Amino acid sequence: MKPNFELRGKIALVTGATHGLGMAMAKALAHQGATLVINGHTPAKMDAAIENYASEDIIAHPYLFDVSDVQAVDTAITKIEEKIGTIDILVNNAGMIQRTPALEMDPEDFRKVVDIDLVSPFIVSQRIAKTMVKKGSGKIINICSMMSELGRNTVSAYAAAKGGLKMLTRNLATEWAKYNIQVNGIGPGYFATEQTAPIRIDGHPFNDFIVNRTPAGRWGNPDDLGGAVVFLSSQASDFINGQILYVDGGILATIGKPAGE
């Protein structure tokens, strides 16, 4: 049997898909035939993103809305359903990080990170799952993190949210599997993006740390996420539910190696 990775005829919504890893995953879905709907929050970034997608002959249907606003989410999803169709694949990618030592972090800033990284995936998933239940099928993919498993200095809110997102993924899978809805997660490692460009320089302490800490010996390329998101969006994963697929070059598999080994 050959697994079916074909996504033609499916409608996919990727939140936070105007740049970075969200855009890379959205492109992978589109290249497999999915009709692509992208979410963003900034008009200028959305305009630039549409041009970027078009350069690869991808038609991306843009929708600007705040994923943390229940009413805005409901209004946007209703418009998508009316104009494009019901969503078959949801990738909850929108998120944020704030690097502040725990002793110095304002509780309101902590709440904001948790609201975007944990509460928002629940809001969007709940709204779309209502339609998926009626159809009797659906794929929901939450973008978790290595911080779903590990702690790190200055990212207490992010790690708390991503750890919670891992468990939300498992709980939604538990509740919705009976409706033929698969809810899984992807946990990216450290990737080469515009945001990490300033530190991906030979000799930079953090660059050297990542290269030495990762068994694969390199940063991930955004395209490395394509296979994971297509797999979890396709029929090939119809009996996979509540799992987190870590795409990290092996970081979580090892305690590291001594210098010079």
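**Close-up views of a predicted model**

**View 1. Helix H4 (residues 107-135) gives the most to the lining of the largest cavity, with four residues.** The model is predicted. The structure holds one cavity of 30 Å³ or more. The space in the largest cavity comes to about 40 Å³. Its lining consists of Thr15, Val67, Asn92, Asn93, Ala94, Ile116, Ser120, Pro121 and Val124. Five of the lining residues are nonpolar and four are polar; none is charged.

**View 2. Arg127 forms a salt bridge with Asp74.** Their closest N and O atoms are 2.7 Å apart. Arg127 sits in helix H4 and Asp74 in helix H3 (residues 70-83), so the pair ties together parts 53 residues apart in sequence. Arg127 counts as buried because its relative accessibility is 14%, under the 20% cut-off. Asp74 is partly exposed, at 30%.

**View 3. Arg127 also forms a salt bridge with Glu81.** Here the closest N and O atoms are 3.1 Å apart. This pair links distant parts of the chain, with Arg127 in helix H4 and Glu81 in helix H3, 46 residues apart. Glu81 counts as partly exposed, at 22% relative accessibility. Salt bridges with shared partners join Asp74, Glu81 and Arg127 into one network.

**View 4. Lys166 forms a salt bridge with Glu149.** The closest N and O atoms lie 3.4 Å apart. Lys166 belongs to helix H5 (residues 156-176), while Glu149 is in the loop between strand S5 (138-143) and H5. The two residues are 17 residues apart, and the pair links distant parts of the chain. Lys166 is buried, with a relative accessible area of 13%. Glu149 is partly exposed, at 39%. The whole structure has nine salt bridges.

Note on methods
Residues numbered from 1 in each chain as written. Predicted model: local features only at pLDDT ≥ 70, side-chain atom pairs only at ≥ 80, totals over all residues. Heavy atoms only, no water. 1 Å grid on protein atoms, 1.4 Å probe; cavity = no way out; pocket = protein on both sides within 12 Å on 5 of 7 lines; lining within 4 Å. Points joined across faces, edges and corners; volume = space filled by probe spheres on them. Nonpolar A, V, L, I, M, F, W, Y, C, P; charged D, E, K, R; others polar. Salt bridge = Lys/Arg side-chain N within 4 Å of Asp/Glu carboxyl O. Buried < 20%, exposed > 50% of the residue type's maximum accessible area, 1.4 Å probe, protein only.
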